[in-house]
Amino acid sequence: MPPIEADLVKRLAAQVGFHACGIAEARSLPDYLDDLNYWLSHNYHGDMSYMQRNADKRSNPLQLLPQARSVISVLLAYKTPPLHSGVPKIARFACLPDYHDEVKQRLFRLADLLKEHYPEIKGRPFCDTAPHSDKLWAQQAGLGWIGRNSLLVNPTYGTFHNIGSLVIDHPTDHYDTPISNHCDDCHRCQEACPNKALATSPNGHPCLIATRCNAYHTIESHAKALPDDIHLRGYVYGCDICQDACPYNATAPLSAKLSEDIAEKIKLLVDADEETFIHLTRNTPLQRISYSQWRRNLAHLNRQPYKPSTPPLPSSSE
Ligand code: SF4
Ligand code: SF4
């Protein structure tokens, strides 16, 4: 089986619009399994029971795809201008079209282009799907380090990016290696988190206590009400507080545009009935939650008076 030219893969990844690409050899990563087991044993995953299934496959693509030889990891950056000064807020990613489709479509295009050079190649794309950790493989492929915010920090694009993987059945002629962690003595994300959700595991690795995180409570949780000690700070879907605090995001270039009417749309969602909510959130990340979860989040926010201090919504130009 001939090795694939790594430089060609990266050129093609750029051609289909990815902002960064790295390649790791497909192999087992026992360190990650230790972190995952620690996280699960403390029930930091809350209701996300799917994280308990196939834990070994998450750390080893060979268990998922025995013929896997290489993991091509890609980033699609999405830093937008600040969203709005008002409340409620929704996380940046949710103000854009659903990234799963966009990343996957680009990965399919990348696979097609690779086939033009290597017709026998077989690959499977991932983006937040199946028991496969895109973040872990991006770190292995040298695209960044896992910061204290528990996200992949890319030196250029910070943390506002979506990650995808194309697992292929061919080796490549070069593999990237992980880069050093450059959080250094910064703790801004941990200090900014209103719920103290960013912890450290016994082996010194970043550890997100999902059950303390606004993103978990506003998106993943199906509880009828949110815990009183969860401080949304104006967010009703996701949360960007720790990412906004990160110096690497301050210097990252803008890479996505907001639609002109996003602030108006959020206002409409506040008073929307169920039918309108379904209509307005179709094909957006918000369709992941039900109307009752949306109303629950708004009700929790209303119990926590919050005065925003973010700048007013700028124009959506890049
Ligand atoms: S997303 Fe919000 S709640 Fe979650 S860790 Fe970051 S700052 Fe804390
Ligand atoms: S805010 Fe600081 S500690 Fe947190 S991820 Fe960014 S650089 Fe690392």
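This is a predicted model: local features need pLDDT of at least 70, side-chain atom pairs count only at pLDDT 80 or more; totals for chains, interfaces and linings use all residues.
Within α13, the buried residues are Gln293, Trp294, Arg296, Asn297, His300 and Leu301. These residues lie on the same side of α13, because the arc they cover around the axis is only 160°. An α-helix has 3.6 residues a turn, so residues three or four places apart point the same way. The cover over the buried residues of α13 includes α8 (214–220), β10 (235–237) and α12 (274–281). Exposed residues Ser292, Ala299 and Asn302 are carried on the face of α13 turned away from the buried side.

The protein chain as a whole contains 13 helices and 10 strands. Its radius of gyration is 20 Å, close to the 20 Å given by the globule rule for 318 residues, and the chain is therefore as compact as a globular protein of that length. The C-alpha trace spans about 60 × 45 × 40 Å along its principal axes. Of the 318 residues, 42% are buried. Among contacts with a separation of 6 or more, 77% join residues 24 or more positions apart.

Ligand 2 is surrounded by 13 residues, of which Gly147, Cys183, Cys186, Cys189 and Cys246 are the closest. The shell consists of eight nonpolar, three polar and two charged residues. At least two residues of this shell come from each of α7 (188–192) and α10 (247–251).

Terms used:
Residues are numbered from 1 along each chain as its sequence is written. Chains are lettered from A and ligands numbered from 1 in the order in which they are written. Helices (H or I, at least four residues) and strands (E, at least two) are DSSP runs, numbered from the N terminus. The radius of gyration is taken over C-alpha atoms; the globule rule is 2.2 Å times the number of residues to the power 0.38. A residue is buried if 20 or more other C-beta atoms lie within 10 Å of its own, exposed if 12 or fewer, and partly exposed in between; C-beta atoms are placed from the backbone. Two residues are in contact if their C-beta atoms, placed from the backbone, lie within 7 Å. A residue is near a molecule or strand if its C-beta atom, placed from the backbone, lies within 6 Å of it. Ala, Val, Leu, Ile, Met, Phe, Trp, Tyr, Cys and Pro count as nonpolar, Asp, Glu, Lys and Arg as charged, and the others, Gly among them, as polar. The arc is that of the directions from the helix axis to the C-beta atoms.
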